[in-house]
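Let's walk through this model together, one region after another. Have the coordinates open as you read.

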Amino acid sequence: MERKKYYITTPIYYPSGNWHIGHCYTTVICDALDRFHKLLGEETFFLTGTDEHGQKVEREAKSRGITPMEFIDPLIAEMKDMWKLLDIGYDRFLRTTDADHVACVQKIYQKLYESGDIYKSEYSGRYCTPCESMWTEAQLKNGKCPDCGREVVLQKEESYFFRLSKYAPRILKLYEDNPEFLQPKSRINEMVNNFLKPGLNDLSVSRKTVKWGVPLPFDKEHYAYVWIDALSNYVSALGYLSDDDALFRKFWPAELHLVGKEIVRFHAIIWPAILMALGLPLPKQVYGHGWLLIGGEKLSKSKQDATGAQLTDPYELVKRYGADAVRYFLLREIPFGSDGEYTNERLLTRINSDLANDLGNLVSRTAAMIGQYFGGKLPARGPQEDVDGELIALAEGTFARVNSAMEKLNAPEALGEIFALVSRANKYIDETTPWILAKDEAGRERLGTVLYHLAETVRICAVLLKPFLTKAPALILKSFSCDPASGFESLGFGKLQAGAAIEKIPPLFPRIDIKKELAQAEQIARESKKKTQPVKESKAEEAAVSEIGIEDFEKIQLKVGEVIACERVEKSDKLLHETVKIGEETRSIVSGIAKYYTPEEMVGKRVVVVANLKPVKLRGVLSEGMILCAEDKDGNLSLVSPEKAMASGGTVR
């Protein structure tokens, strides 16, 4: 029989540079799945990478006075370092700026254009810059982005559209005929009720105003919209439409797309429609997993208040507790498909209870007793008793249960089965009392049998843990005279040879003083949080204004803007949120002028905007610039406006 081929993928992340443990979740799961199927002897291909095009990258780079690539490159290096830190063994790390990907995207657009699935029209809708997502009025939640809850802006521009509406009936039929295509089942209901039944709109797939992207082959004024660009990575990485498409023919269709639930719409509606339009087979399954939460909120660097004093930096976590501990927590603690809660205490408790107490203790005690009673040489296996049979039966049946769990993508269940065997082995020690058997010669044969069974159980557990933990299993196997590269073919009970050297190793997972460690972790988290907050200047420092040269002044980009909408910021007496039109562009700006202007007064005003100010969030609202005001000695404010009528977008010199 031909071996099953897996092509396991993760979503392409926008490289924010502020990494937290939530960024690691999907990729660690995929890595465990990939390692598991490799150990089965199956051919696999594991893809991950970064989505690097789009408006937010372009703006961020511009605000720093550098090119988008200069902005992106250091962040990609950081991401690769993070994956190396966590022993992520991908087959390819694809950047959407890679030349082969760009070429593939252009060919895909050309094919869709020639088939009539892409046409030119005008786009008008609400756009969320951080999510790179467009929404209809009906899809907004309280007037804001339904995914992230942030402000959206009205956009109108010429665009090419993909005929997404054409494929709605086929996607509904896909769900009906193949209910396993989208999992968990709750995601199907969400897609049908929120998107398919209300009716799909055709999808805007190009931009003229955003130049940081893939130029369309049939219209050089337009650039590929980021989601079509990013989704195409799943086939471009395999050489689709290239001179060498051997990997594509070998591994497509994908066995699995594993994504966060917030981007299921793109992978379960838009991507299948694009594949249908291209005449390509669909992936076998899309799985939208849950989120890692803190205090009931999605873990995010933009929600520092929600993280409080929780230590979430993966670099610091791995430095303190090791990659195995971080991987284990992510794979064991979070119910697969559902949201999971992260706290420092939960992480430390898992390390102590499962890794230090259960696994670490079993390995240490077994090796120590063989060293003490048999000079470090594995004793021979003698006659069995009933209690031996129970342990052996559990050990021999564990792989089947682990395999069943992993077929369902359920890593927590798989690890639960392995640690059930670990716990049973620890109980077996208490039941057989080796220290009593060692007291006289009559018990020596029985002692040898007990220790042999323990050593075999340790070996089997180590092999089974290899997809999940990347360091401890190899150390265990080596100390028990086994090949660290042992695969699942070695799992039969009784394969250890009597006389093999058993070496005691230092504790794999030293026990942690949780109370002390929590205090230290919280201190590190607070100090890290302070570093990310802007330092407020004192009144004296504010007064000491230094002179600048003309070259410094020329760095400031001042533009004329027109306020087309304005509202008060919730729970703030000082802030107004303005939607400002600057030429063909629309910006979201927050200003502390609510004491001097009402929202109604602001609409229609021409204002002067600092247009290249780095975007920030104020009270959870994105601010992409600053409206200039004059202030008198009494602190009264007045808007700075052009003396004569001036069109929005004009430059202030």
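Start at leucine 330: leaving aside its neighbours within four places in sequence, it is in contact with Ile21, Cys24, Tyr25, Val28 and Leu292, where contact means heavy atoms within 4.5 Å. Before going further, a word on the source: this is a predicted model, in which local features need pLDDT of at least 70 and side-chain atom pairs count only at pLDDT 80 or more, while totals for chains, interfaces and linings use all residues. Residues are numbered from 1 along each chain as its sequence is written, and side-chain values use heavy atoms, with hydrogens and water left out.

Leu330 is also one of the residues with the most contacts inside the largest nonpolar core, which has 111 residues. A nonpolar core here is a set of buried Ala, Val, Leu, Ile, Met, Phe, Trp, Tyr and Cys residues joined through side-chain atoms within 4.5 Å; buried means under 20% relative accessible area, with a 1.4 Å probe and protein chains only. Apart from this core lies another, of 74 residues, including Met191 and Leu282.

Now turn to the open sheet, whose six strands follow the order β3-β2-β1-β12-β13-β7 with parallel pairing. Strands pair if DSSP finds at least two bridges between them, and strands (E, at least two residues) and helices (H or I, at least four) are DSSP runs numbered from the N terminus. At the edges are β3 (92-95) and β7 (182-183), each pairing on one side only. Five bridges join β1 (residues 5-9) to β2 (residues 43-50), and tyrosine 7 has phenylalanine 45 of β2 as its bridge partner. Helix α1 (residues 21-39) packs on this sheet, touching β1, β2, β12 (256-260) and β13 (286-289), and its direction makes about 165° with that of β2; axes are lines fitted to C-alpha atoms, for helices over the stretch in contact, and angles run from 0 to 180 degrees between N-to-C directions.

Within α1 sits histidine 37, which counts as buried because its relative accessibility is 1%. Beyond its neighbours within four places in sequence, histidine 37 is in contact with Tyr6, Glu42, Thr44 and Glu407.

Finally, look at strand β19 (residues 585-591): six of its seven residues are buried, so the strand is largely enclosed by the rest of the structure.

Note on methods. Buried < 20%, exposed > 50% of the residue type's maximum accessible area, 1.4 Å probe, protein only.
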